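Take a look at the model first, then read on.

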Amino acid sequence: MSEEQRQGWAPKDGTVVGLGLASAPGKKGRKAGRARTARAGLRRVIPAWRSVLGTFLIVTLLLVGGFLAGYMLVEIPPANAAATAQSNVYLYKDGTQIVRDGEVNREKVKLAQVPLTVQHAVLAAEDREFYAERAVDPQAMVRAGWNTLTGKGKQSGSTITQQYVKNYYLGQEQTVSRKAKEFFIAIKLGREQSKRDILEGYLNTSYFGRNAYGIQAAAQAYYGKGIEDIDTAKGAYLASLLNAPSAYDVATHPENTADALGRWNYVLDGMVKEKWLSPANRAAMKFPVPQKVKPPTGLSGQRGYIVQAVEDYLTNNKIIDENTLATGGYRITTTLEPEKQRAFADAIDDQVMSKLDRRREADRNVRVGGASIDPATGKVVAMYGGVDYTKQYVNNATRRDYQVGSTFKPFVFTAAVQHEATTQDDRTITPNTVYSGTNRRLVRGWNGKPYSPGNEDEISYGPITVRTATDKSVNAVYAQMAMDVGPARVRRTAVRLGIPENTPDLTDSPSIALGPATASVLDMTEAYATLANHGKHGTYTLVEKVSKDGGKVAVPKAAAKRAVSREAADTTTLILQSVVEGGTGIFAQSADRPAAGKSGTAEDDQAAWFAGYTPNLATVVAVMGQDPVTGAHKPLYGAMGLPRINGGDAPAKIWGQFTREALQGTEAEEFDLEVQEGAEEEEPSEEPSEEPSETEETADSSEESSETPEERDRQEPAEDRDESEDEDRTKSPSDDDTDTGETDDDTETATTRRTSDDDTDSDRWAEDGSRSRFSRTPRRQ
C-alpha cells in the first residue's frame, strides 16, 4: 500500500489506476463531468440551508439584544423644559425689542373633567385604536416612513403615547436619536401608566394654537368656556386643531376655512365609524365658528401683527415648525426698521384715522394695511397691519381677500413689452400706441362670452395713447391690451413679478387687467419692488436672523433673479411716473422726490389702493371696508365724510407722507431707466388703423379676429429665445442675472367679472381725453 493510502486520502490525480477516478473515454464520461460542474455552480449561487438559518439566528439575536439593551438603558426622564414653554423675543433690525410674546397659556385638568364625547373626538382625530393598541405601533411607523419617502406626504406614524412622550419628556426635533428614545420610553410608559393617565397627559400638553397649551386653555381661547361645557361639535373642532393648530384657526386664517371644515368632518365621521356618535346626531351638527382672537395686551398696537406675520413667515418657509416655535426660547431679529414703522403709523393716523368719526356708520368699517420693501434686498422695512391687534386681529397687510383693482394694470403693460406684443392690427405696443378708449367697447379677439368693460363713471375717451390711458386708468384700453398680449402671458408675468400663483381670481381672461385678483398688500409690494429693481425679483423676507440658546438657526437667503427684462420693467416705470406727474397719483407728489405709482379701486368701492415706488423704496397702501361685527366686506361710500374713497385720495396721501418721512435725510434719486425704443416720444406716430363703430362694438367677438386667443398665446415670447442674447440686449454691463423661460401651455378661460375703477372723473376729463399730462391740478380720486 502506498504512503498516500496509509494516510487515508486519495491522490488528486484522477488517472491513478484502480481508484475509479478516471472515466472511460467517450461521450458518457463527458456528460457526467458537465452535470457535476452545473451542480457546483448552483450551490455557489444558492447558499446552503445551514447558512441561511445561521444568518437568521444571528440577526434575530442582534435585534433582540439591541431591543433589550435599549429598553434597559433608556430611562423615563423628568419632564423637559419645553413642557413649560419659554417666551419668544422679537426684535427690530437695530436690536431694539418689539415684544416678548408672554407667558405660556396652560391650565391642567383631570381626564374626568373632559366630556367623553370630546375625548372620543380627540381619539377619532389622532389615534382611533388607542385603548386597544400597544404603546408603539411599529407597523404604522414603517408605513408612515414609507409614505414619506415615496412622496405621499409627511406622516408621523406615532401613537398618542408616543406623542405624549415627545411633548412632555423629549422635544420636537426630528432626529433618529430622539425617535429611538421616544420608542423605548413609550414602551416603558405604557407598562407603568394606565391609558387614562397617558390620555390625560396628552390632552394637557398638546398645543392647540392661540398660545393655548392643553385642552382647557384651548376651550377658553376658542369658545370662552371651560372644557366641561364644550359639546361634541366644538370638541371635534378642537380635536381637528391638533393636526395644524394655527392653519385651521378660521378666525385668523379665513382663507383656510375649507380645509378646517374638511378636517372637522373627518373627525366626526371617524366618531360615527367607531360608534361613538350616532349618524342622526352627526347629520344634525353645524360647524361651530370659534370666537374672535383675544390676544394678550402685550401684543397691542402693531406688535401683534408683526408677531403673526413673522410666525407665518418662519413656518411657511419651513425655517421652524409651528409646534417647535410655540415652545419658545427663540430670539428673532426682523428686517423691520423702527423709524419707518413709526412713519407708517403717523401717516395713516394723519391721513385717515384722525378723520374718522365713530358717529358715522361708514367710518366704523374703515381698515388700513400697508407694507414697504427695499427693492435692492427684498427686505420688508415697514408693515402696518391695522389700528390695534387686540381690536382688529386680522392683519390687513397680509390678508388675501380684497381685489387689487387697477394697481394690476402695470403688469399688463410689462407683459406687453416683455413679449414684444402687438395690437390686433399688428402695431407694437408702446407707451404711445393709440387704443380706443370708448366706454364699454367690446374686447376684440376674445372667443369667450362677449366682454365689454365700462370705464369709471361711464366716460368714453375715443382714441387715446397707452400713456394717457394709464394716467386715467381707462378700463377699455387695458382689457383690450390684455387680450392683445394674451391673458395667460399677463398672468405668468404677474407671478414672475411676485404675485402668488394660487391667488384667487388670477384668471386667464381679459378681465385680469382690471384687477379682480385678491393679492395681499405685501404681495403687491413685492411685485412693485421688482419693477423698481429693474425687473429683478427678490422674494420678500421679514427675518434677519434667528437664534436659540446662543446657537444660530439657519435662515435661507434667496438671491434676486431676473423676472422680466430691464426694458420691460423700466418702460413700465416710465409710464407710472406719468401717473404721479399728472394722472390719478398726483397726491403722491408729497413724497418730494421722483416717484412712480398707480391707484386702484376694488369692486363696489370696497377697497382703495395706491402702489408705488422710488428708486430705493417700494410701498403699497390699501384702505378697506369691513363690517366690525360680521366681518363682511363693505363699500367705503361716505367714509371720512367723503362721497367715496379712491386710490388716488387717502392711499396716495398716506404713501406720499410715509415715503417722505421714511427717506428723510437721504438724497433724492432720479430713476435710471433703459426703456423701449420710442417710448419717450410725446406724441403718437400713428393712429389706430381701424376704429370700430358703435355697431361694430356690439358685434359677436368671434367675428372680430380670425386669430384665437390660444393661437396668439402660443406665439413664442421674447424671453423664450436664446437667453444670453436676450439678456445682453436688455441689461446693463454690470448685470449678471439669468432669465428663465416659461411655457405657453396655459389655456384661456372665459369670465365676465368686471371691477369698478377709480381713475377717471366726468367733471375733470373731457371725452376727447384732452388734458396736459403734466397738470398738477388735484381732482377727486
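## Around Asp570

The side chains of Asp570 and His534 are joined by a polar contact of 2.8 Å (a pair of N or O atoms within 3.5 Å, where one must be able to donate a hydrogen and the other to accept it; residues adjacent in sequence count only if both atoms are side-chain atoms). A polar atom of the Asp570 side chain also sits 2.8 Å from the backbone nitrogen of Glu674. Asp570 is buried, at a relative accessible area of 1% (buried is under 20%, exposed over 50%, partly exposed in between, with a 1.4 Å probe and protein chains only).

## Ground rules

This is a predicted model, where local features need pLDDT of at least 70 and side-chain atom pairs pLDDT 80 or more, while totals for chains, interfaces and linings use all residues. Residues are numbered from 1 along each chain as its sequence is written, and side-chain values use heavy atoms, leaving out hydrogens and water.

## Salt bridges

The count comes to 21 salt bridges, each a side-chain nitrogen of Lys or Arg within 4 Å of a carboxyl oxygen of Asp or Glu. One of them pairs Arg263 with Glu126, closest N and O atoms 3.6 Å apart. Arg263 belongs to helix H11 and Glu126 to helix H4, so this pair ties together parts 137 residues apart in sequence (helices are DSSP runs of H or I, at least four residues, numbered from the N terminus). Both Arg263 and Glu126 are buried.

Asp401 and Arg399 also pair up, at 2.9 Å between the closest N and O atoms. Here Asp401 is partly exposed at 27%, whereas Arg399 is buried at 10%.

How values were computed
Helices (H or I, at least four residues) and strands (E, at least two) are DSSP runs, numbered from the N terminus.
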